[in-house]
Amino acid sequence: MAHVQKLPDHALDAIAKQVGELYPSLDNSVTQVQPPATLTETFPIWTLSTDAIDTGKDNLLKLAQDTHRWHSQILIDSKPEGVARSIVLDVDISGWSVKQVLKGDLAQTVDDAIRWVDAEVETDPLVCILEVPTFFITALWLIDGQESSIVIAKCPESLQGLNRLVQYSSQEFLEILQRESPAIGIRDERPQPQPRCVGKVSQ
């Protein structure tokens, strides 16, 4: 069974209080919903830059960067309706600030990935959120000692070779991204690769 990094109760209480104050402002109808918004799974957020992908290295544990932010799932009436993005304010993690409250399908896609991992992954990895901004990817990053893997929660349909709710080794994930071009609208200064044949990636 996968697990998450446990936050102190006072941290979760602080995030939940701020979410309770901010979430209703996104939709006037929320104030009429019973039960109120509740906070569930909370994950640290890591990010993978284009420069890191371009190194050609395959150790995601060394390439990803900690954003020092946290992703929390928000449920309304037991349904994933939003997410909160928080940051710690003090070195002793006594103070927390919610920087974003987002309403939309991200909560559902992450919930789908959580349920998939619970059902399909038999080991006990630590679960983090991994975001790849230049490819609009949000994934669950499963870290098990020196090994890690990726389960995509959300990604553009235009990406070749990546599908939601499939477990990829971190090496396979990086190899696929190295063959792809960043999403349109994201500035990219990478040199254009020479045409090459692409074979099937081994599982």
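Contact here means heavy atoms within 4.5 Å. This is a predicted model, in which local features need pLDDT of at least 70 and side-chain atom pairs count only at pLDDT 80 or more, while totals for chains, interfaces and linings use all residues. Residues are numbered from 1 along each chain as its sequence is written, and side-chain values use heavy atoms, leaving out hydrogens and water.

View 1. Starting at the N terminus, the order reads α-β-α-α-β-β-β-α-β-β-β-β-α. Among contacts with a separation of 6 or more, 55% join residues 24 or more positions apart. Of the 203 residues, 41% are buried (under 20% relative accessible area, with a 1.4 Å probe and protein chains only).

**View 2. Ile-143 sits in strand 6, which spans residues 137–144.** Ile-143 counts as buried because its relative accessible area is 16%. Leaving aside residues up to four places away in sequence, Ile-143 touches Leu-61, Pro-125, Leu-126, Cys-128 and Ser-148. Leu-60 is 83 residues from Ile-143 along the chain, yet their C-alpha atoms are separated by 9.9 Å.

**View 3. Here we look at two cysteines, Cys-128 and Cys-155.** Cys-128, which Ile-143 touches, has a relative accessible area of 2%, so Cys-128 is buried. Cys-155 is buried too, at 17%. How many disulfides does the structure hold? The count is zero, where a disulfide would be a pair of cysteine sulfur atoms within 2.5 Å.

Methods. Helices (H or I, at least four residues) and strands (E, at least two) are DSSP runs, numbered from the N terminus. Buried means under 20% relative accessible area, exposed over 50%, partly exposed in between (1.4 Å probe, protein chains only).
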